[in-house]
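Welcome! Take a moment to look over the chain before reading on.

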Amino acid sequence: MVASQCLHVTGTGKAFKNQLLPMGPPDALLVDHIENELDFSDVFGVAPEMSSAPDANEFVYDDEPEVICSRSHSLVGPTPFASQSVKLGKLTLHETGFDLVEGVTTMGLEELKESSFVAVDDGNSMKNNCVGLEDFEILKVVGQGAFAKVYQVRKCGTAEIFAMKVMRKDRIFEKDHAEYMKAERDILTKVDHPFIVQLKYSFQTKHRLFLVLDFVNGGHLFFQLYRQGLFREDLARFYTAEIVSAVSHLHANGIMHRDLKPENILLDAEGHVMLTDFGVAKEFDESTRSNSMCGTLEYMSPEIVQGRGHDKAADWWSVGILMYEMLTGKPPFRGGNRQKIQQKIVKDKLKLPTFLSSEAHSLLKGLLQKESSRRLGNGADGSDEIKSHKWFKMINWEKLESREVKPSFVPAVGGKQCIANFEECWTKLPAVVDSPAASPKCKENHFKGFTYVRPAPAPFLHRGDHSS
C-alpha cells in the first residue's frame, strides 16, 4: 500500500463499495489465506542469484543515468468529492524562478516574450504561430515532482482545460537528465491510445520546458484501493485489461514505460484507466538491453534490481505487481530497507492468497516469473500471450480498446474544471516562490525542435472526450 506524504482521506465511498471486498486489513487477510509458498524453481526453474549476469557477448547494453522514482507522485489522489462552488483563483507565471502568486494578472515580460519563440532544427529562433505560455491561463497547482510542477490550465479564449507539466532546465542539467526529458516529449508524440494520456502541445522558453497534456480528473485508480483494501476480481480484471492494452501499444511502438505503479495510473471522468508519466520511458529495439537502475523499487523487476540489463519484459513484471496489489491490497515484495526489498524481489518465493481464483494464480505466476526470458508476454507471441490467458476469457479486446466496455465504477467529477479528485495538499498550496532559475550553462540548445502541436484527428477517428 502506498504511503503517500500527503494523502488524507475521509468518507466511505458508498458508490464503490459493491465493487470491493469489505474485508479486514490486507495484512490480517493474508495471514489467514496464504497457501503454501510457491517455489518458482518448481515451475520455471531456479531463480538467478544476485551476482549472476549474462555473458558479455549475449547482449548490447546502453548506458543511462540512474533514476530511482519515489512512491509519492505529483497527483497523489482525491479528497472526497464536493461540488466546485469556490471561484478558482488565477495563478501567474513570472520569470524569477517560476513564481506562483494568486490574484496577480500579469506575467513576467521576459517569459512572455520568450514563449513566442521556439528552437528549430537549424538552431535559429523565429516567430511562428505555435502555442506558447501566453496562450494559457494558469488555474491551480495539481502536483509536484522532483523535476516538474503540474498545473491545471485553460487555453485562452476557449473552455478547454489541460494539465501543464513545467520543468526547469537548470535542474534537468544538474541531474544529467536532459535525454530523459527529450525522450518523454518524443515518446508522447508517438503514442495515441485510448488508455494513455495524450500530449497536446509542447514548447520551451530559455529556462523551462512545457508539456501540455490531457487533464484527467477522475483521481487515482488506486485511491479506492488505499481506502477499502482490495478490488474484487471482476473489477481488477477490467482495470488490468486496460493496463495490458496500453502497455501492449507502447511495446508495439518500441517503447518501454519502466515506471508502472499505482501513482501513474489515473481514472478519467468516464472511469477508464489512463496511463501517465513517461519521465523514465525509453525507446528500444529487440537487440539492445538497457543497463540503468530506473523505476520505483517495489515495482522493479529482478533483472533491473540485479543490473543484468532489462528490456520490455520488465514492464510485464510491473503489470504483475499491479495486478497482485489490486487483488490483495499490497505489493508482494515489500518491507524493510531498500536492500531487504531488493533481496525479496530477487530471491523470495511468491505467496498467493487462496481466495483468488486458479486463473488469477496462473496469470500472476506467469507475469511474476523472475527469469525474464520465461516471463509471460516475453515469448514469440508477445502481449497476445497475456490477452489470451484464461483469466481474460470474458474480455472482448476489440470492444475494450474501442471504449465500448463501460466501467462499473464512474468517479464523481463535476465538470472539466473539477479538481475535487486531486489532493488538497497540492490544490490549496499558498503562493510559492522558487529560487531564481539560473540560465542553463551550455552553449547549444539541447532541446531543439521541442515545440509540438498535435494534429487534430479526423472526426471519425475521434477517440472520445475522456479528458474532461
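Which residues have the most contacts inside the largest nonpolar core?

## The cores

They are Leu221, Tyr239 and Phe392, in a core of 77 residues. A nonpolar core here is a set of buried Ala, Val, Leu, Ile, Met, Phe, Trp, Tyr and Cys residues joined through side-chain atoms within 4.5 Å. Buried means under 20% relative accessible area, with a 1.4 Å probe and protein chains only. Leaving aside neighbours within four places in sequence, Phe392 is in contact (heavy atoms within 4.5 Å) with residues including Arg237, Leu363, Ile386 and Trp397. A second, separate core has 14 residues, among them Val131, Val153, Phe162 and Val212.

## About the model

This is a predicted model: local features need pLDDT of at least 70, and side-chain atom pairs count only at pLDDT 80 or more, while totals for chains, interfaces and linings use all residues. Residues are numbered from 1 along each chain as its sequence is written, and side-chain values use heavy atoms, leaving out hydrogens and water.

## A closer look at Lys165

An unreviewed UniProt entry lists Lys165 under "binding site"; such annotations may be inferred rather than shown by experiment. Lys165 lies in strand β9, residues 161–168 (strands are DSSP runs of E, at least two residues, numbered from the N terminus).

Is Lys165 buried or exposed? Lys165 counts as buried because its relative accessibility is 15%. Its side chain makes a polar contact with the side chain of Glu184, at 2.8 Å (a pair of N or O atoms within 3.5 Å, one able to donate a hydrogen and the other to accept it). Beyond four places in sequence, Lys165 also touches residues including Ala148, Phe210 and Asp277.

Key
Buried < 20%, exposed > 50% of the residue type's maximum accessible area, 1.4 Å probe, protein only. Helix = DSSP H or I, 4+ residues; strand = E, 2+ residues; numbered from the N terminus.
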